Amino acid sequence: MIPLILVLLLALILFGAGFALKALWWIAVIVLVIWLVGFLARSTGAGGKRGRWYRW
C-alpha cells in the first residue's frame, strides 16, 4: 500500500511541476513580446535620437 501511495504522490508532484513549467514558459513568451513591442515602438527624443523606453 505504501509503494502505491508513493508512486501516486510522485506522479502528482511531476504533473504539477510540468504544468508550472509550461505556465512559466507562456509567461516568459508574453513578457518577451511586450518587451519587443516596447523596444520597437519607442518614441524619438530631441534631435531625432531614440530615447529609453523604460524608466530604470
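How many residues does H1 have, and how far does H1 reach from its first C-alpha to its last?

**View 1. The helix H1, end to end.** This is a predicted model, where local features need pLDDT of at least 70. Residues are numbered from 1 along each chain as its sequence is written. H1 has 39 residues and reaches 57 Å from first C-alpha to last, close to the 57 Å expected at 1.5 Å a residue (1.5 Å times one less than the number of residues). Helices here are DSSP runs of H or I, at least four residues, numbered from the N terminus.

**View 2. H1 out in the open.** Buried means under 20% relative accessible area and exposed over 50%, with partly exposed in between (1.4 Å probe, protein chains only).

View 3. Leu 6 counts as exposed because its relative accessibility is 52%.

Conventions. This is a predicted model: local features need pLDDT of at least 70, side-chain atom pairs count only at pLDDT 80 or more; totals for chains, interfaces and linings use all residues. Side-chain values use heavy atoms; hydrogens and water are left out. Helices (H or I, at least four residues) and strands (E, at least two) are DSSP runs, numbered from the N terminus.
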